[in-house]
Amino acid sequence: MYDIYNINRDTTCILDKYKEALFLIEGNDKALLIDSGKDEDSLIDAITLITDKPIFLALSHGHIDHIGLSNEFDKVYMNYKDLDTYKQHMTMKRGHFDCELLNFKNPDDLLEMPELFDLGNHDIVVLDLPGHTPGSVIFVDIKNSSFALQKWHH
């Protein structure tokens with residue numbers, strides 16, 4: 001079960017049952033989902049209630065609570081600097097959540113993060129923000145002059 005909150009006309013915050021914040025940003029042509037959480041419920045089913053646009057998934061970094069349902073998406077983008085982190089967290093067990101139960105995409109199929117996502121009259125700029133992990137990134141919403149930031153866990 002997901003809690004869904006509109007931030008503005010184009011941006012939706014989706015909270016999974018572990019209170020991981022995911023962000024869906026819609027342009028005229030496409031939608032960008034930032035992170036996929038770690039819920040057991042289908043994320044793509046929840047998102048199709050919000051938009052019917054093609055969806056791209058971009059991962060802010062490779063930790064388990066941000067990559068959990070990446071298998072549900074055809075195109076998954078991540079900073080190549082976090083590939084080792086992603087591979088480590090693919091098989092991590094944390095509490096009641098067992099990542100091995102999910103059918104993760106092959107890390108070799110991940111697409112390198114572009115510098116810009118053009119969603120159709122709505123650009124999202126991707127900037128490196130290493131520190132939390134080597135490949136952490138931040139997403140800048142040019143249209144709404146705001147940052148889409150994930151809640152980071154240590």
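In this predicted model, seven strands form an open sheet with mixed pairing, in the order β1-β2-β3-β4-β5-β6-β9. The edges of the sheet are β1, residues 3-6, and β9, residues 111-112, each of which pairs on one side only. Strands of a sheet pair through backbone hydrogen bonds, and they may do so in parallel or antiparallel fashion. Within this sheet, β5 and β6 run parallel and are joined by two bridges, and Leu57 has Val76 in β6 as its bridge partner.

His61 counts as buried because its relative accessibility is 1%, which falls under the 20% cut-off. The side chain of His61 makes a polar contact of 3.1 Å with the side chain of Ser60, and a further polar contact, of 3.3 Å, joins the side chains of His61 and His63.

An α-helix has 3.6 residues a turn, so residues three or four places apart point the same way.

Asp52 is found in the loop between α1, residues 43-47, and β5, and Asp52 counts as exposed because its relative accessibility is 75%. The C-alpha atom of Asp52 is separated by 8.8 Å from that of Ala31, although the two residues are 21 residues apart along the chain.

Lys19, which is not a glycine, has a positive phi of about 65°, and its place is in the loop between β2, residues 11-15, and β3, residues 21-26. With a relative accessibility of 42%, Lys19 counts as partly exposed. Asn121, likewise a residue other than glycine, has a positive phi near 60°, and Asn121 lies in the loop between β10, residues 116-118, and β11, residues 123-128. At 61% relative accessibility, Asn121 counts as exposed, since that value is over the 50% cut-off.

Key:
Residues numbered from 1 in each chain as written. Predicted model: local features only at pLDDT ≥ 70, side-chain atom pairs only at ≥ 80, totals over all residues. Heavy atoms only, no water. Buried < 20%, exposed > 50% of the residue type's maximum accessible area, 1.4 Å probe, protein only. Polar contact = N/O pair within 3.5 Å; in protein donor to acceptor, adjacent residues only side chain to side chain. Pairing = 2+ DSSP bridges. Helix = DSSP H or I, 4+ residues; strand = E, 2+ residues; numbered from the N terminus.
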